[in-house]
Amino acid sequence: MATRPSSAVRRAPTAPSPFIVAVLLVAACSRPFPQYPVAEHSVPFTALNARQVGAAPPVAQSVTGDRIARARAEPQNWLTYYGTYDGQRHSALDQINTGNVKSLRPAWAFQAGVIGLIANPATYSFEATPIVVDGVMYVSGWDGYVWALDAASGKVLWRYRHAIPLDVPMCCGNVNRGVAVAQGKVFFATQNGHLVALDAATGRPAWDEVFVDVRAGESATMAPLVVKNVVLVGSSGGEYGVRGHIDAFDLGTGRRVWRRYNVPKPGEPGAETWKGDSWQRGGGSAWVTGTYDPELDLVYWGTANPGPDFDGDVRPGDNLYTNSVLAFDPDDGSLKWHYQWTPHDVWDFDGVNENILFDQSGRKLLAHFDRNGYFFVLDRTSGKLVRATRFADRVTWGDIDSTTGEVTVRLTPTPQGAKICPSPSGAKEWPHAAYSPTTGWLYAPVVEKCGTYKLRRSEFREGMAYWGGEAAADHDPKEGWGYVRAMDPATGRQVWSHRTEHPMVGSVLTTAGGLVFAGEPTGEFDAFDARTGELLWQFQTGSGIHGSPITYSVNGKQYVAVPSGWGGWMKGFAPELYGATRGSALFAFALP
Amino acid sequence: MRRPRRLAALLALAAAMAGCDYVRLLRPKVLKQLNPRVVRMVDFLPEVDNPNEAIVARLFAHGGLSNARRGRDGVFRDRIRVPKDQYIWEPAIIVMERSGDLELEFANEDQSFHMAFLPANGEREVLELPQHTRGTARVRLDHPGLYWFGCPVANHAGRGMLGLILVKGETPPAARLDRPRQPRPRGRD
């Protein structure tokens, strides 16, 4: 049946009704959300890993500060960051020794890989020291990872991953150097400055406290240190004009017990070494784990460069307590003594490197290989200098008197750029030296590199880098090399030295088997005779080593484990390897 | 007699447009951002964002931004759709006014299977999104900053299925540095 067109329709082509236009506009602006059937709810990514056990045996329950203080008595474990509180990185295990090390072969490998976007993707690096407690290995990675592994098979028991924002203001690399284990918990610091306590059996968080301000440019990279009933952590961010600090949290509750700033406020001791308001941006972060003497009840913790790094004119004075070792009481953080390695630093020579505690001829001593190229031995009861000697071939920034410690500066950054040795990451990067009570010698990974240092005034803006110039290590591979170097602390002299093609930036391990282990930036994991320096064994791990090997045993079998994964602040120590292959594997070696 | 009708119609039109995002673009605050390079980018967008014309991908965050709403239970909530044949999340940026729990409802209107790979404390959350289904995910993000999410299927992320969760907020007072207020970048002091 034919219909007569309505008047409304007839009008439409010439003048559309404003009502219709309005309705159409509303429709264009809001599209209804589809009412499809709900098929799924999200699941944790680990739920899709059928091989993961999901729980670890409750071995960490009985780990206490007292037990860590006696860690040398249980060499099957690696209970704390340096193996023992004294920082010696020495194990009494001797199943693997100079006679049989040539038969060492991989027992298992753990591979983490990287999925999706991460902060600082070009510079993530596997810098951790694994912790081993009665057959369970706890290890942390970049970007918020913690794994509990079966130390005999490498099988993943549980995994935790903190969500790390892409915009964390990390200065140099997306890295984490390890965890601490005590009282059934695993403690670790996230890149965005949370101290997280995980249940060591399940990997679930027990408490979580923020201890740095990312808005101010702070971050966190070090492994916490458990001392008595507190867990100690230090801040990172010395390149952002922060005010560095060390904090102590209660193990059980996560309540903050104390915080000590490494740069004093006006009126506090040391404030006279700063001018005007420069202390507010004075730097002095504390990004490497300290050592501890339970008998003296003193913690020894290094502090980083003053801010801005290269422009000392805006902060005249010695700039205490930057580039120092602080000896403090773990109960309240009160300072007993300090020693400043590089007063008024303008070369970014962070004084954070480890302080190794050892006794010699009845004296309680402390050994420290500083970035400034000098090897210091101090009396650790008083902080008095015993001796300072050079341990790098080329040190041109200045001289330090061997007995008085007096510093004479020779070269400083200039607006045009000055060539100065060592390069800004120093003659020794953070990777740790080791001590062998058998030989009485120290073994250091040495960086032989010079750099160009430029001075340029920086305007401070909170959260933005505050360098006061720029420094870069030489790119020419011929101009850089490394050593594993044995030094006698009784004389301050070298005993032997093994030259490597590129700067050494992997930690050293010594064992009662007469061995010294260390990894190279090109991926070789080496074993040396501790007495002669002879290279006895080598294995290519496939990516540069910038982490810390450890040794432990399970059911009477000794293992040596090392993380392999190149990265970090390569501009400072090996720009010629910026393009080298990256990785994220952990190898465990054993005898057949 | 036609005059009041026309007035009513104009009022209805104005009311409708006030509720429309396009009209909001005319605010001075938005126009101020339109430097010549931004204008060039906006002009270029239609060319880029037609798959298989200029390039095969979509620009990151093309799906726009949405402020997650905070419910009475303190949980932030928002909805994200995957439109047909586009390889994008819509919206692609979710803003949380502060850290906490976020519940997201997804709808896949596309002809492909997708997944959402989401940041969360403890472990990332994974959600499968078969064609023409909905799914939900709940994540905890306890710190200010930018977090990415994406579709881990094939190279959907590279073609445009990357998104951001932007958590606003300050560091807790106890964790801040003890020093006078410092200048912040770009006049934010």
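Let's start in chain B, with two strands: β6 (114–118) and β9 (145–150) each supply at least two residues of the lining of the second largest cavity. Before I go on, please keep in mind that the model on your screen is a predicted one.

So what else lines that cavity? Both chains take part. From chain A we have Ile115, Leu117, Asp143, Arg161, Ala163 and Ile164. From chain B come Phe117, Leu118, Pro119, Arg124, Tyr147 and Trp148. If you sort that lining by class, you get nine nonpolar residues, three charged ones and no polar ones. The space inside is about 120 Å³.

How many cavities of 30 Å³ or more does a search of the whole structure find? The search gives three.

Now let's move to the place where the chains meet. On the chain A side, 63 residues are in contact with chain B, and 61 residues of chain B are in contact with them. Together the two chains bury about 5600 Å² between them, and carbon and sulfur atoms give 56% of that area. Which three residues supply more than any other three of the area that chain A buries against chain B? They are A:Phe33, A:Tyr36 and A:Arg215, with 14% of it.

Hold on to A:Arg215 for a moment. Its side chain also meets the side chain of B:Glu170 in a salt bridge, at 3.3 Å from N to O. Between chain A and chain B the count of salt bridges is five. There are also 36 residue pairs in polar contact between the two chains.

Which elements of chain A give two or more residues to the side that touches chain B? The helix in that list is α2 (18–29), and the strands are β1 (38–41), β2 (43–44), β8 (156–161), β12 (205–210) and β16 (256–261). Of these, α2(A) gives the most, with seven residues. By class, this side of chain A has 36 nonpolar, 11 polar and 16 charged residues.

To finish, some backbone details in chain A. As a general rule, most peptide bonds are trans, and most residues other than glycine have a negative phi.

The peptide bond from A:Leu320 to A:Tyr321 is cis, with omega near -5°. You will find A:Tyr321 in the loop between β18 (298–302) and β19 (324–328).

Another cis peptide bond joins A:Cys421 and A:Pro422, with omega about -5°. A:Pro422 sits in the loop between β27 (418–420) and β28 (434–436).

The last stop is A:His344. Is its phi positive or negative? Its phi is positive, about 45°, although A:His344 is not a glycine. This residue is in a loop too, the one between β20 (335–340) and β21 (356–360) of chain A.

Note on methods. Residues numbered from 1 in each chain as written. Chains lettered and ligands numbered in written order. Predicted model: local features only at pLDDT ≥ 70, side-chain atom pairs only at ≥ 80, totals over all residues. Heavy atoms only, no water. 1 Å grid on protein atoms, 1.4 Å probe; cavity = no way out; pocket = protein on both sides within 12 Å on 5 of 7 lines; lining within 4 Å. Points joined across faces, edges and corners; volume = space filled by probe spheres on them. Helix = DSSP H or I, 4+ residues; strand = E, 2+ residues; numbered from the N terminus. Nonpolar A, V, L, I, M, F, W, Y, C, P; charged D, E, K, R; others polar. Contact = heavy atoms within 4.5 Å. Buried area = accessible area lost by both parts, 1.4 Å probe. Salt bridge = Lys/Arg side-chain N within 4 Å of Asp/Glu carboxyl O. Polar contact = N/O pair within 3.5 Å; in protein donor to acceptor, adjacent residues only side chain to side chain.
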